[in-house]
Amino acid sequence: MSKIAILELDGQRYELPVVVGTENERAVDISDLRAKTGYITLDDGYGNTGSCSSAVTFIDGEQGILRYRGIPIEELAEKSTFIETAYLLIYGHLPTHGELRRFSDLLTQNENIHEDMKHHFEGFPPNAHPMAILSAMINASSCFYPGLMGAANKSRFDIHAARLISQVRTIAAFAYRKSRGLPVIYPKPVYKYTANFLHMMFSDVYQEYELKPEVVRALDLIFLLHADHEQNCSTSTVRMVASSQANLFASAAAGVCALWGPLHGGANQAVIEMLQSIHNSGDDGSRFITQAKDKNSGKRLMGFGHRVYKNYDPRAKIIKKACDAILNLLNISDPLLDIAKKLEETALRDPYFIERKLYPNVDFYSGIIMRAIGIPIEMFTVIFAIGRMPGWIANFKEILDDPKSRIYRPRQIYVGPTLNSYIPIDQRSATR
Ligand code: CMC
C-alpha cells in the first residue's frame with residue numbers, strides 16, 4: 001500500500017503522497033501543496049528539497065556511498081576509464097565494444113573547435129581565469145552549431161554531447177596555452193581522451209610531451225571521480241537552465257560558472273592555496289585548525305565538509321590512495337601532502353569537526369595529485385569541469401527526454417516593504 005503523509009494546517013487535514021526511490025529514499029510530494037492549502041515550503045539553501053527524480057547517481061551521505069547508475073565508485077575507479085564511465089552516465093548502461101568504439105570515434109571526429117573560434121581567445125587578457133574563458137568559450141561555440149537550438153537538440157543529441165565532452169578539453173588546453181603566451185597544440189586523433197589533453201597542454205611545437213602511463217591514468221581517475229555527483233550546485237544550475245529549453249552548450253556554460261566558486265569546484269584551488277600559505281607561515285597545520293574553528297577568522301578548512309556526506313567522502317579515500325601512489329612513482333616529496341595529512345589527522349580527532357561530521361571531501365587531496373603531474377593551480381577547477389561534463393550532460397538528457405518536464409521556477413517568501421508610494425526626488429530625505 002502506498003504511504004501518505006498527513007499535514008494539519010489551520011484546522012484542516014491534508015494528505016500528501018510519499019514518494020519512495022529505488023534505494024528507499026523517501027520524500028513527501030508537495031507539488032499540490034499550494035493549490036490545496038495556499039502554503040509553500042521554505043528551505044533556504046535547498047538542504048531538504050528534492051528538485052527532481054533522477055536515475056543517474058545515488059549517494060548515501062551517512063554511509064559514504066556513491067554509485068553511478070548503480071555501480072559503486074570504487075569499482076569504476078578500479079576497472080573503468082573516464083570515457084567508458086561518461087558513456088555509462090549519459091546512456092544509462094556500460095557500453096559494448098561497438099558502442100564504446102562509436103562513442104570514441106564521435107569524440108575524435110569532434111575534437112577540433114571551429115577554426116574561427118581561435119580568434120576569441122585573443123580577446124582575453126593574459127591573466128584571465130581559465131574558468132571565465134571556459135564558460136565564455138563553451139557558450140560561444142553554440143553559435144557555431146545552429147543545429148543545437150530547439151527541437152533539433154533531441155535528434156542530434158549524441159553528436160552534441162560528444163562535441164561538448166571532446167571540445168571542452170580542447171578549449172581548456174587552448175585557454176591554458178593562451179594564458180602562457182604559447183602556441184596552441186592541436187589534438188592528435190591517435191591519442192585517447194586524457195592523453196590527448198596532456199598532449200595539448202604540455203607538448204611543444206618542437207618537442208612532444210612524454211606521456212607516462214601512470215600520469216595519464218592518474219588524471220583519467222580524477223576525471224572519472226568528478227564525473228557526476230547528483231544535484232549539487234552546478235548540476236542543479238545546468239538543469240535549471242536546461243528546463244527553460246536552452247541548448248546543451250548554454251546549460252553547460254552556466255554549470256561552469258556555478259562550479260567556479262570556492263565552496264564548490266573552486267575548493268580544489270583553495271585547498272592548495274591554503275596548504276601553501278600554512279607552509280609559508282611555518283605552521284604545521286595546528287594553528288590553522290584553531291582559526292578554521294573560529295567563525296570570526298573568516299577561514300574554513302577547505303576540502304573539508306559536505307552538504308550530503310556526513311562520513312568520509314568515498315572519492316577522497318580513492319584520491320588519497322592514488323595521491324600516495326603517484327607521488328611515490330614520480331619520486332616526489334611534497335611538503336603540502338604532509339601538511340594535508342596532519343590537518344586531516346588533527347581534524348578527525350577534534351570535537352568541532354566530529355560533532356559537525358566534517359570529513360575530507362574530493363577536493364582535499366586532488367590538488368596534490370594535479371600539482372605532481374604538472375597541472376598549474378589555476379587549471380584545477382577547469383579539470384573538475386572537464387570531469388563533470390558527462391554528469392551535466394546526463395542530467396540535461398533527463399530533462400530533454402522527460403515529456404512532463406516543466407520550467408524550474410521556485411517561489412519565495414517576500415520579506416520586503418509592504419505597499420509603498422513613489423516619492424519625487426526633490427522630496428526625498430537622505431536617510432541612507
Ligand atoms: N571548516 C570549518 N567549519 C566548517 C567547514 C569547514 N570546511 N564546513 C562546515 N563547517 C561548519 C560550519 O561553520 C557550520 O558550523 P555551525 O553549525 O557551528 O554554524 C557547520 O559546519 C555546518 O556548515 P554549513 O556551512 O552549514 O554546511 P553546508 O552544508 O552549507 O556547506 C560546504 C557545505 C561544503 C559548503 C562546507 O562544508 C564548506 O564550506 N567546506 C569547505 C569548502 C569545500 O571544501 N567545498 C567543496 C565541497 S565538495 C566538492 C563540491 O561539491 O564541489
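Colleague: Which residues in α3 meet which in α4?
Modeller: Ile83, Glu84, Ala86, Tyr87 and Tyr91 in α3 meet Glu99, Leu100, Phe103, Ser104 and Leu107 in α4. Contact means heavy atoms within 4.5 Å. Helices (H or I, at least four residues) and strands (E, at least two) are DSSP runs, numbered from the N terminus.

Colleague: What should I know about the model?
Modeller: This is a predicted model: local features need pLDDT of at least 70, side-chain atom pairs count only at pLDDT 80 or more, and totals for chains, interfaces and linings use all residues. Residues are numbered from 1 along each chain as its sequence is written, and side-chain values use heavy atoms, leaving out hydrogens and water.

Colleague: Back to the helices. At what angle do α3 and α4 pack?
Modeller: About 100°, with the axes of α3 (residues 82-91) and α4 (residues 97-109) 10 Å apart. Axes are lines fitted to C-alpha atoms, for helices over the stretch in contact; angles run from 0 to 180 degrees between N-to-C directions. So α3 is roughly perpendicular to α4 (65 to 115 degrees; under 35 is roughly parallel, over 145 roughly antiparallel, the rest oblique).

Colleague: New topic. How many disulfides?
Modeller: Zero in the whole structure. A disulfide is a pair of cysteine sulfur atoms within 2.5 Å.
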